[in-house]
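I opened my notebook to jot down what I looked up in this protein. Have a look at it yourself before reading on.

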Amino acid sequence: MSESGQSSAVSASAPLSPSARSTVAVLGPGGVGGLLAALLSRAGHRVICIARGETAAVLRRDGIRVRSRQFGEFTAAVEADTELRERVDLCLVTVKSTALSAAHDRVPPRLLADGVLVPLLNGVEHIDTLRGRFGPDRVVPAVVRVEATRTAPGVVEHGSPFVEIDLVGERERLGPAAALLTDAGVTTRVLADENAALWGKLAFLAPFALLTTRHRQPIGAVRTERRGELAALVGETVAVARACGAPMSAEDVLHRYDAFPADSRSSMQRDAQAGRPLELDAIGGALLRAAGRHGVPVPSASRLVTELASPPSASGASSSAQDHGRTRRSYDTVAEEYRSRIGGELAHKPLDRALLTALLEQAGTEHPVADLGCGPGHVTAWLTERGVRAVGIDLSPAMVALARRDHGATGSGSGSGDHGAAEFREGDLLRLPAADGEFGAAVALYSVIHLEPSELLGAFAEMRRVLRPSGLLLVAFHLGSEVNRLTEWWGHDVDLDFHFLTAETVAEALREAGFTVEARLERASHPQEASTRRAYLLARRDVGAPA
């Protein structure tokens, strides 16, 4: 983006018209993109969503379902593909900044010869990147203001009572595009000053994203309980915006926060909770780089970006090593009691046995199977008894010692199957002690519940690493959104967090890590279990690299 404040796009004719049926591509039909795609389709336009194969298949079959406090509930039919294959009048780019470099290859520039590309990403630096690929005459700088979340492929929750877009460029050129969007229900303006538009949003977004993510609070709590910190951060971002040529007022920005729905959460905060990559560099990094260029001091922003740059801090937790140390010590403390109480649990879990059997039937016995978070090794031993080479991995040295004693080569317990005794290793889910592609399948039964949600993606990426192409992974967890901290367990002092997770949070992390979710199942607890609902996801490792 030029800091002169004027758009570098040149004039070009566009065939867009709200009264005529236009063809619109949406690259990244998530929360924002899915909402816009559905609104444009409902207005009578042909919409082609560009998404991963699994999502594209769902959109072709079911369309996009929207639940909105502004538009109500409706379903809109769309076309979908994994890449753009024909010319379009308008292409909306609504992927996360973290996925932009991989995603924009799905839109060949030649297919925009007569159309325009409107990026609706957070930050300011993506504009130059897209101009370099598609040409300055095709890229229309723009910002969107909306709270919309994809809760599942093809399902969008629109939480804000508005959806607004500012396009930057010549009014004569962009008027048809603005009219098309406005006719679909999107309040759209055409502005002349690029810096005013982009920095006007970033000056509001950066404090919103950084503070809600760091403190794990909605904006209502931030603006009341952390007013001083919010005001300081707004002052810094406004100072940077002014230095970049955007007329801004800190008072105006704070007033907008006060008028924002109190339960609103930033997309960065939702990404942190779901374990997805954060747009920290596009938002906080861009702010710090601009501050450095103009010599503007930003101590509050620098501190928050530094804290959020450490993966655990993205969810407000202490360091990963410290948290995993608490988990390790807690399980070391209760290892013998745990083995005594839970080591025979498969006897009263017919569904677990059935799922494990189905996993083995599909995976075969040619390659070993990993039991990730194996505890005292009873599931690993059960797998071994079915004629498969099984390797149990656990964070707790005491658990691994019990597993080796009872089920290993020198143990007196199970392990007499065709493939001999089970093998046990000590290791962390984020750093598995296994070779690339070592396992044909893996199970993670209630082991991910001790990870911060922000760590799920890293753990699943590590599981993907140790699986062979098309390898299967079975994950089980407690359903919910709360975090239960246990300080006493069976009469022992412990310090252990149990993270309850939604099925979509886990499924999204699996997809981001390069898995395709093939099946999901929920059940109530058995009488011998804690009274919680449980979920199982069966996922297959994608053959290619995750997109």
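Below are my entries, sorted by topic.

**Ground rules**

This is a predicted model, so I note that local features need pLDDT of at least 70 and side-chain atom pairs count only at pLDDT 80 or more, while totals for chains, interfaces and linings use all residues. Residues are numbered from 1 along each chain as its sequence is written, and side-chain values use heavy atoms, with hydrogens and water left out.

**Cysteines**

I started with disulfides. A disulfide is a covalent bond between the sulfur atoms of two cysteines. The cut-off is a pair of cysteine sulfur atoms within 2.5 Å. How many disulfides does the structure hold? I found zero. Cys-91 is in no disulfide, and its nearest cysteine sulfur, the one in Cys-49, lies 11 Å away.

Next I checked burial (buried is under 20% relative accessible area, exposed is over 50%, partly exposed is in between, with a 1.4 Å probe and protein chains only). Cys-91 counts as buried because its relative accessibility is 0%. Cys-244 is buried too, with a relative accessible area of 1%.

I then moved on to helices and strands, which are DSSP runs numbered from the N terminus (helices are H or I with at least four residues, strands are E with at least two). Their axes are lines fitted to C-alpha atoms, for helices over the stretch in contact, and the angles run from 0 to 180 degrees between N-to-C directions.

The crossing of α8 past α11 is left-handed.

For contacts I used heavy atoms within 4.5 Å. From α8, Thr-237, Val-240 and Ala-243 touch Leu-287, Ala-290, Ala-291 and His-294 of α11. That contact has five nonpolar, two polar and no charged residues. For these classes, Ala, Val, Leu, Ile, Met, Phe, Trp, Tyr, Cys and Pro are nonpolar, Asp, Glu, Lys and Arg are charged, and the others, Gly among them, are polar.

On the α8 side I listed Glu-229, Ala-232, Leu-233 and Glu-236, and on the α12 side Pro-299, Ser-300, Ala-301, Arg-303 and Leu-304. Here I get five nonpolar, one polar and three charged residues.

The last pair was α11 with α12, whose axes come within 10 Å and cross at roughly 150°. This crossing is left-handed. Leu-280, Gly-284, Leu-287 and Leu-288 of α11 meet Ala-301, Ser-302, Val-305, Leu-308 and Ala-309 of α12. By class I have seven nonpolar, two polar and no charged residues.

**A helix tucked inside**

Is helix α15 (residues 378-385) enclosed or open? I'd call it largely enclosed by the rest of the structure, because seven of its eight residues are buried. Among the buried ones are His-378, Trp-382 and Leu-383. After α15 comes Gly-387, with a positive phi near 90°.

Most residues other than glycine have a negative phi. Tyr-446 isn't a glycine, yet its phi is positive, about 65°. I located Tyr-446 in the loop between β16 (439-445) and α17 (456-466), and at 13% relative accessibility it counts as buried. Trp-490 isn't a glycine either, and its phi is about 55°, also positive. Trp-490 sits in the loop between β18 (483-489) and β19 (492-499), and at 25% it counts as partly exposed.

**One loop, two residues**

Asp-89 is in the loop between β5 (79-81) and β6 (90-93). At 18% relative accessibility, Asp-89 is buried. Thr-82 is also found between β5 and β6, but at 32% Thr-82 is partly exposed. Leaving out residues up to four places away in sequence, I saw Thr-82 touch Ile-50, Ala-51, Arg-52, Gly-53 and Arg-106.

How values were computed. A crossing is left-handed if the near helix is turned anticlockwise from the far one by less than a right angle, and right-handed if clockwise.
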